[in-house]
Amino acid sequence: SPLIQARASNNTSYTNSNGLKFNHFNASLPNVTLLATGGTIAGTSDDKTATAGYESGALSITQLLSGIPEINNIANVAAVQATNVNSGDVSSSLLLNLTHTLQTTVCDDPTMSGAVITHGTDTLEESAFFIDATVNCGKPIVFVGSMRPSTAISADGPMNLLQGVTVAVDEDAKERGALVVLNDRIVSAFFATKTNANTVDTFKAYEQGSLGTIVSNTPYFYYPAVQPNAKHAVDVADVDSIPRVDILYAYEDMHVDSLYSAVKNGAQGIVIAGEGAGGISSDFGDAINDVVAKHDIPVVLSHRTVNGEVPTADITGGNRKTQIASGLFNPQQSRILVGLLLAEGKKVKEIREVFERATVA
Ligand SMILES: NC(=O)C[C@H](N)C(=O)O
């Protein structure tokens with residue numbers, strides 16, 4: 001509307017008490033911290049038709065924002081370039097930094113409404129699950145990414161970023177945990193997974209569905225705010241590193257060497273992407289019993305299928321008592337959760353109890 005445009009043109013820059021710099025500041029708009037980490041949303045290619053073989057994390061967040069002036073009508077955005085990488089290079093130490101930054105610049109600052117994190121989509125679900133567990137002040141923390149680089153015809157990044165900022169300042173987005181916003185969908189970070197390696201319509205919570213949708217930049221939530229039953233919030237204020245947890249993929253002829261070498265190389269927890277609902281060979285099951293007896297580490301059985309869950313009943317029989325069923329968590333979510341629980345100082349028994357809250361039977 002003309003009124004909104006008039007407001008945006010009054011913008012001046014402003015630096016707040018946490019040192020966050022707003023390039024366009026309008027006192028009548030809500031404030032958002034934007035932490036940029038790279039990915040395809042910041043990717044470029046010389047070829048406008050390329051949706052593969054482009055460079056991830058090539059544009060700065062300032063360059064990205066300059067192409068979406070509409071954001072200045074929605075919120076004052078303080079953009080921080082946390083890193084600029086392909087998401088395969090995101091580490092737990094970066095995630096701890098993001099958590100600490102979000103705590104001080106968003107949660108503890110009453111002038112901030114929420115946050116947006118731009119992220120490569122490949123590992124976005126891991127980072128979103130981590131932040132969902134570790135940042136819990138009720139303000140919206142919204143992950144966005146894109147599947148097409150910024151230079152592509154019909155690049156999806158600009159609209160996703162605009163929608164992410166809009167959701168981050170939406171009253172209805174509060175108290176829902178971290179959110180993933182891509183392709184007009186709002187999905188709970190706790191359940192979101194990348195379902196397709198290439199298409200723009202990729203982030204979904206298969207069984208739980210999305211929380212809402214966005215049309216003409218207006219978010220609509222289907223239900224009132226609620227948090228998942230199985231959620232375990234973790235306080236990492238005093239944590240400075242996350243213990244190593246390895247994921248092992250199960251298959252016919254899987255060799256027990258992979259388990260022994262993971263432990264020998266320093267893994268303090270193991271997650272297995274099991275066959276079906278946590279299936280493994282009997283040899284591998286014996287090796288797990290051996291490793292748990294010697295090292296007392298958590299071994300979580302998850303599933304290599306895209307969907308589904310591992311019920312406790314499937315792995316408590318006979319000689320499988322040393323293992324923990326992943327319940328609703330896929331291998332990558334299970335790995336994040338085990339790492340956070342170990343960082344909290346939890347022992348195998350307590351880790352099992354957290355996972356049991358996510359198991360149906
Ligand atoms: N669509 C993407 O963002 C993929 C990219 N390789 C990344 O995860 O950084």
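Colleague: Are the residues on both faces of strand E7 (residues 179–182) buried or exposed?
Modeller: Strands (E, at least two residues) and helices (H or I, at least four) are DSSP runs numbered from the N terminus. A residue is buried if 20 or more other C-beta atoms, placed from the backbone, lie within 10 Å of its own, exposed if 12 or fewer, and partly exposed in between. Leu-179 and Val-181 on one side of E7, and Val-180 and Leu-182 on the other, are all buried.

Colleague: What kind of model is this?
Modeller: Residues are numbered from 1 along each chain as its sequence is written. Local features need pLDDT of at least 70, side-chain atom pairs count only at pLDDT 80 or more, and totals for chains, interfaces and linings use all residues, as the model is predicted.

Colleague: Which residue of E8 is the bridge partner of Val-180?
Modeller: Two strands pair if DSSP finds at least two bridges between them. E7 and strand E8 (residues 185–188) are joined by four bridges in the antiparallel sense. In E8, the partner of Val-180 is Val-187.

Colleague: Which residue in the hairpin of E7 and E8 takes a positive phi?
Modeller: Two residues lie between the strands of this hairpin. The residue with a positive phi, near 55°, is Asn-183.

Colleague: How many of the 13 residues of H8 are buried?
Modeller: Helix H8 covers residues 331–343, and its buried residues include Pro-331, Ile-336 and Ala-343. H8 is largely enclosed by the rest of the structure, because the number of its 13 residues that are buried is 12.

Key. Expected span 1.5 Å × (residues − 1).
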